[in-house]
Amino acid sequence: MLNGLKLASKEYQPVTCYQISQKGLEFVGKMTRHDRTEVSAFAYEQGSKNLWKVDWRGEEYYMVSASGAEQLSSVTDCEDVSYVSSAYLPTCLRHGGRPTLSNAHRAHECGVSSNNIRDELDEVITLNSVSIIVSEYIPFGANQIVQLNQNLGSTERVQGGFFTALIDENSAGMDTST
C-alpha cells in the first residue's frame with residue numbers, strides 16, 4: 001500500500017520517506033463513507049477544508065492550518081498496551097531439540113495493571129501459532145553500514161570513544177558549558 005524511499009538527513013542520518021502506492025490509491029477509492037469521514041476529521045481543521053500541516057518546534061509537533069489555527073499533536077505520546085508473548089527459537093537453534101515454554105497461563109495479568117490508552121478498544125485479535133522473532137538493530141544496505149561505521153567512529157584514524165543510549169540534543173553544536 002506504500003512506497004518507501006531511503007534518504008539521509010542534513011546530519012547524514014538515514015530517513016525513510018513514504019508515499020501511497022497505486023494499490024493504496026485503489027484501496028482508498030473503495031473506502032466506506034464512514035472511514036472517509038474519520039480520515040477527514042483527522043486531516044482537516046474542524047469545520048473547514050483547511051488541511052493540517054505538520055510543524056516541528058524543537059520538542060513537539062504542532063498541526064497548523066492555512067487559516068492560522070494550530071493545535072499540539074499527540075503523535076509522539078506513548079500508550080501502554082498489555083500483552084503476553086512466549087519466547088520462540090527455531091528448532092535449528094535449540095540445543096537438544098527442547099521445546100520452548102508457553103506463557104499462555106499469564107494472559108490474565110494483562111488486565112491487572114492501569115493503562116493510559118485513550119482510544120476506545122473495541123477490537124479483539126486472536127492469533128494462533130504465530131512466530132515472531134525480535135532482534136537488535138541490523139543495518140540493511142551499504143549506506144546504513146557506512147553511516148553506522150561513521151557514527152561509531154570506526155573509520156577514524158584514532159578509534160574509540162564513549163557510546164551511550166542518551167540522545168545528543170545539539171549534535172551539530174558545541175558544548176558551551178565549560
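## The second largest pocket

Helix α2 gives the largest share of the lining of the second largest pocket, namely four residues, where helices (H or I, at least four residues) and strands (E, at least two) are DSSP runs numbered from the N terminus. The elements that contribute two or more residues to this lining are α2 (33-43), β4 and β5. The volume of the second largest pocket is about 600 Å³, a volume being the space filled by probe spheres set on grid points that are joined across faces, edges and corners. On a 1 Å grid over the protein atoms alone, a pocket is an open set of points where a 1.4 Å probe fits, with protein on both sides within 12 Å along at least five of seven lines, and lining residues have an atom within 4 Å of a point.

Among the 21 residues that line the second largest pocket, A41, F42, A43, Q71 and S74 are the closest to its centre. By class, the lining holds 11 nonpolar, five polar and five charged residues; here Ala, Val, Leu, Ile, Met, Phe, Trp, Tyr, Cys and Pro count as nonpolar, Asp, Glu, Lys and Arg as charged, and the others, Gly among them, as polar.

## How the model is read

This is a predicted model, in which local features need pLDDT of at least 70 and side-chain atom pairs count only at pLDDT 80 or more, while totals for chains, interfaces and linings use all residues. Residues are numbered from 1 along each chain as its sequence is written, and side-chain values use heavy atoms, with hydrogens and water left out.

## The three-stranded sheet

Three strands form an open sheet in the order β3-β4-β5, with antiparallel pairing, and two strands are said to pair if DSSP finds at least two bridges between them. The edge strands, each pairing on one side only, are β3 (53-56) and β5 (70-72). Strand β3 is joined to β4 (residues 61-64) by four bridges, and M63 in β4 is the bridge partner of V54.

## The hairpin and residue L2

Strands β1 (residues 2-8) and β2 (residues 14-20) pair in the antiparallel sense over seven bridges, with Q19 in β2 as the bridge partner of N3. Five residues stand between the strands of this hairpin, where Y12 takes a positive phi near 65°.

Leaving aside neighbours within four places in sequence, L2 is in contact (heavy atoms within 4.5 Å) with Y18, Q19, I20 and S21.
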